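Here is a short briefing to read beside the model.

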Amino acid sequence: MNDRPRLTVIGTGYLGATHAICMAVMGYDVLGVDVDAEKVARLNSGEVPFFEPGLPELLTKALETGRLRFTTSYREAGEFGDVHFICVGTPQRRGSEAADLTYVDASVTALAAHLHRRALVVGKSTVPVGTAARLAELLRTTAPAGDRVELAWNPEFLREGFAVDDTMKPDRMVFGVTSAWSEERLRAAFAPVLAQGVPVKVTDLQTAELVKVAANSFLATKISYINAMAEICEATGADVHDLAEALAYDERIGGKFLRPGLGFGGGCLPKDIRAFAHRAEELGVGQAVGFLREIDGINRRRRARTVELVVELCGGDVAGKKVAALGAAFKPNSDDIRDAPALDVASKLASLGADVHVFDPAAMDNARKAHPELSYGTGALDVARDADVVVLLTEWTEFREIAPGAMAEVVAARRIFDGRHALDSAAWRAAGWEYKALGRP
Ligand code: UGA
């Protein structure tokens with residue numbers, strides 16, 4: 001156990017908290033660092049500040065071992081850690097498509113001042129290519145230990161809702177390094193993960209940075225591809241649901257991330273493709289990924305089209321109509337509402353005069369804060385009471401399992417819009433519902 005480096009994790013959001021907790025469970029001594037004292041206090045008391053299945057139990061377990069604690073002190077971090085993971089957010093910059101690197105720069109600068117001995121700093125945040133080289137120079141020139149502080153890049157591919165599994169047993173690891181020592185330190189920092197046979201790709205810094213945005217761009221492209229086909233289906237009477245299933249049998253295409261519907265949201269895919277396109281333009285190769293703007297455009301059009309179709313379903317006008325909105329989170333098993341298609345649609349319907357009542361199994365608090373103009377209920381049947389139309393926006397299992405007959409008893413009119421192709425259209429139609437979905441006749 002003694003050959004294991006001591007780890008710090010700077011930034012305790014979805015990524016950092018999960019990483020810190022999982023590494024402690026795997027046997028490392030871990031210090032989590034965040035500038036938010038309230039978040040630090042909650043984590044130290046055993047409370048995960050966001051919804052992530054399985055994580056609260058692991059936090060309890062990790063705290064019990066005594067191997068994990070959280071602090072606001074960078075000085076403590078500098079003294080404690082051999083390997084420091086940077087896990088802060090890189091949101092979209094206000095008024096621009098570029099990534100906002102404020103938190104990355106601030107955390108590396110703050111940490112550097114306290115690095116008095118040989119250490120490895122490892123970036124995990126999603127950043128524009130070229131950031132790592134700049135940060136390496138920042139560390140070299142400002143850390144008291146100077147050249148003895150190295151930087152590596154280790155992009156994170158975890159999905160919200162599967163964060164624990166993705167961290168404990170990722171499908172691959174990418175180590176962007178500039179020396180054999182950095183690679184050795186990373187291998188030591190991930191020994192239990194690598195012992196499971198997880199493949200490692202060792203690259204330079206810029207390739208490691210690119211792997212992440214290239215992966216998210218590919219995923220976004222796949223989703224928008226099938227949603228573009230949905231637009232064609234709508235113009236021709238074809239069924240995109242059947243089309244997607246037929247395409248998926250070709251192993252080269254595959255069915256994953258080929259689910260048509262309301263499209264992608266969240267704190268990653270939308271801002272990552274925009275930041276990537278922006279960065280490529282800065283580098284003079286904007287044309288190479290110019291298609292990402294179209295991917296974004298297709299994705300936005302799905303939201304607008306959903307609003308149009310709900311209005312149509314209500315006979316051309318939603319003003320004064322009661323809408324039951326099922327879902328607020330950007331995807332199921334998450335309370336994350338960043339760039340959530342569901343709330344985008346709900347608030348657009350409200351702006352057209354509809355009386356929108358929202359229910360989500362996990363994201364209610366976040367939704368209420370962001371959209372106080374909407375009404376909120378206590379369950380799917382509760383918001384559906386006397387509704388003129390039911391709109392399924394996030395495909396939580398509990399919504400998939402709603403019995404069409406039970407919901408029919410509470411609504412004012414049996415109209416349902418399935419924004420996620422989550423329901424059995426035949427069963428709903430058989431129960432007397434008018435069923436509509438994107439890209440389906
Ligand atoms: C995404 C990537 O999947 C992770 O690999 C990556 O690590 C992460 O971003 C990140 O950059 O940190 P996440 O944002 O948790 O993960 O969500 P996804 O599961 O990718 O879903 C994104 C959106 O696409 C959701 O709104 C989902 O509803 C939508 N989606 C997904 C579809 O509309 N169709 C599909 O077939 C799949």
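How much space lies in the largest cavity? About 90 Å³, where a volume is the space filled by probe spheres set on grid points joined across faces, edges and corners. Please keep in mind that this is a predicted model, in which local features need pLDDT of at least 70 and side-chain atom pairs count only at pLDDT 80 or more, while totals for chains, interfaces and linings use all residues. Residues are numbered from 1 along each chain as its sequence is written, and side-chain values use heavy atoms, with hydrogens and water left out.

**The cavity**

- Searching the whole structure turns up 1 cavity of 30 Å³ or more; a cavity is a set of points, on a 1 Å grid over the protein atoms alone, where a 1.4 Å probe fits but cannot get out.
- The lining of the largest cavity is made of 13 residues, and Val 127, Pro 128, Val 213, Ala 275 and Phe 276 lie nearest its centre; lining residues have an atom within 4 Å of a point.
- H10 and H12 are the elements that give two or more residues to this lining, and H12 gives the most, with 5 residues. Helices are DSSP runs of H or I with at least four residues, strands are E runs of at least two, and both are numbered from the N terminus.
- Sorted by class, the lining has 8 nonpolar, 2 polar and 3 charged residues. Here Ala, Val, Leu, Ile, Met, Phe, Trp, Tyr, Cys and Pro count as nonpolar, Asp, Glu, Lys and Arg as charged, and the others, Gly among them, as polar.

**The ligand and its shell**

- There are 21 residues around the ligand, and Phe 157, Leu 158, Glu 160, Asn 216 and Phe 330 come nearest; a residue is near if one of its heavy atoms lies within 4 Å.
- Helix H10 (205–236) and helix H12 (269–282) each supply at least two residues of this shell, with the largest share, 4 residues, coming from H10.
- The shell holds 10 nonpolar, 3 polar and 8 charged residues.
- Ligand oxygen atoms lie 2.8 Å from a polar backbone atom of Leu 158, 3.3 Å from one of Leu 258, and 2.9 Å from a backbone N or O atom of Arg 259. A polar contact is a pair of N or O atoms within 3.5 Å.
- The ligand taken alone exposes 710 Å², and the protein buries 93% of that; these areas come from the Shrake-Rupley method with a 1.4 Å probe.

**Positive phi in two loops**

- Most residues other than glycine have a negative phi.
- Asn 333, in the loop between strand S9 (322–326) and helix H14 (341–351), is not a glycine, yet has a positive phi of about 60°.
- His 421 also has a positive phi, of about 50°, without being a glycine, and is found in the loop between strand S13 (415–418) and helix H19 (425–430).
- Buried or partly exposed? Asn 333 is partly exposed at a relative accessible area of 33%, whereas His 421 is buried at 10%. Buried means under 20% relative accessible area, exposed over 50%, and partly exposed in between (1.4 Å probe, protein chains only).

**Two strand residues**

- Ile 416 sits in strand S13 and is buried, with a relative accessible area of 1%. Its C-alpha is 4.7 Å from that of Val 390, 26 residues apart in sequence.
- Leu 68 belongs to strand S3 (residues 68–71) and counts as buried at 4% relative accessibility.

Terms used
Polar contact = N/O pair within 3.5 Å; in protein donor to acceptor, adjacent residues only side chain to side chain. 1 Å grid on protein atoms, 1.4 Å probe; cavity = no way out; pocket = protein on both sides within 12 Å on 5 of 7 lines; lining within 4 Å.
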